[in-house]
Amino acid sequence: QVSNAFVDGILNDPAHPIIGSLDDHSAIDSSSNSPLDQQDVQDAFMTLEFNPSREAVLICGSPGEVATNPLASDHSFDITVPQKDGTRTMSIWELSAQRHTVWAHMAMHADDQLRQRQSWALSQIIAVGLPGSGMVFYEANEPYPAFYDQYVRNGFGSYRKLLKDMSFNLIMSEWLTFLSNKSLQSNINNGLYSPPDENYAREIMQLFSIGLYKLNMDGSQVLDENGEPIETYTIDDIMSYASAWTGFEKHDTRGGASASDRHSEGSVDPLYIDPETRDQFPKSNLDGGFIGDQVVLCNDLPDKAFLR
């Protein structure tokens with residue numbers, strides 16, 4: 001157990017200032033945090049003029065991410081800088097094949113073969129369409145191995161955790177259309193009477209978790225008094241759950257190849273929730289109550305409860 005005094009000592013150490021934690025995005029052109037307020041640091045990062053916000057950002061790594069080491073191997077992806085000359089040496093098909101090569105090599109030669117097989121099985125349950133099938137971005141390589149890594153990391157873990165990771169993934173949000181999904185009230189405020197998109201609310205139940213009908217422990221269907229199978233959810237449940245998948249937005253693009261115009265959709269960072277477009281009202285659950293019933297509010301937790 002880590003003492004509070006030890007944690008406070010780390011957080012308040014002036015020699016090693018904390019500038020962010022896992023998945024933080026920090027604008028540095030107006031930062032007062034050392035070392036981000038140093039002019040040479042800002043000059044270097046302000047070259048990232050292609051960020052949608054037009055601000056430089058420094059990003060702490062996302063889960064499972066490691067830094068690129070160009071000296072580690074003679075082999076690399078065919079990465080170019082399209083904002084300079086708009087060219088690359090490979091066709092789209094050759095470029096996309098690299099992510100398939102990475103996956104095939106790991107699936108066949110990695111030491112943890114049981115985990116790799118489990119990951120493949122999970123990928124057939126929680127699935128997205130192939131790149132280029134109309135809804136997901138196309139040429140970026142890194143996001144797809146990173147997406148598959150979520151199956152690998154959660155292969156022997158909690159299925160709930162895997163569903164959560166997938167629900168905050170940009171590829172999944174593009175594929176099942178809940179990225180930038182807005183609450184009804186948010187749409188009304190902007191002059192549009194449109195309820196939230198119901199696609200992911202339906203698919204996460206029908207395809208990824210509970211299915212269409214209730215089941216007994218032996219896998220047989222639960223039947224009503226007329227011998228008919230009992231459905232797990234209704235249209236009203238889908239409408240309520242659709243409001244739970246509102247406010248999910250992607251972060252600004254990073255530096256490097258993924259931040260160029262051609263790769264502008266290629267983020268490996270989890271989505272964040274925008275409170276302005278998030279539905280603020282209670283959401284019903286499938287048992288006649290509401291999601292979050294009897295869960296302790298964050299404001300009621302003791303200080304630094306996440307360390308205990």
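1. Helix 7 (159-167) and helix 10 (199-206) each put at least two residues into the lining of the second largest pocket, and helix 7 gives the most, with four. Helices here are DSSP runs (H or I, at least four residues; strands are E, at least two), numbered from the N terminus.

2. Before going on: this is a predicted model, where local features need pLDDT of at least 70 and side-chain atom pairs pLDDT 80 or more, while totals for chains, interfaces and linings use all residues. Residues are numbered from 1 along each chain, and side-chain values use heavy atoms, with hydrogens and water left out.

3. That pocket has a volume of about 980 Å³. Of its 25 lining residues, Arg 160, Ile 204, Tyr 241, Trp 245 and Ile 291 are the closest to the centre. (A pocket is an open set of points on a 1 Å grid where a 1.4 Å probe fits, with protein on both sides within 12 Å along at least five of seven lines; lining residues have an atom within 4 Å of a point. The volume is the space filled by probe spheres set on the points.)

4. Now the aromatics: there are 11 pairs (ring centres within 6.5 Å). Phe 178 and Phe 248 sit edge-to-face (planes over 60 degrees apart), at 5.6 Å centre to centre and 85° between the planes. Phe 178 is in the loop between helix 8 (170-175) and helix 9 (184-189) and Phe 248 is in strand 3 (residues 248-249), so the pair ties together parts 70 residues apart in sequence.

Notes. Rings of Phe, Tyr and Trp (its six-membered ring) pair if their centres lie within 6.5 Å; planes under 30 degrees apart count as stacked, over 60 as edge-to-face and the rest as tilted.
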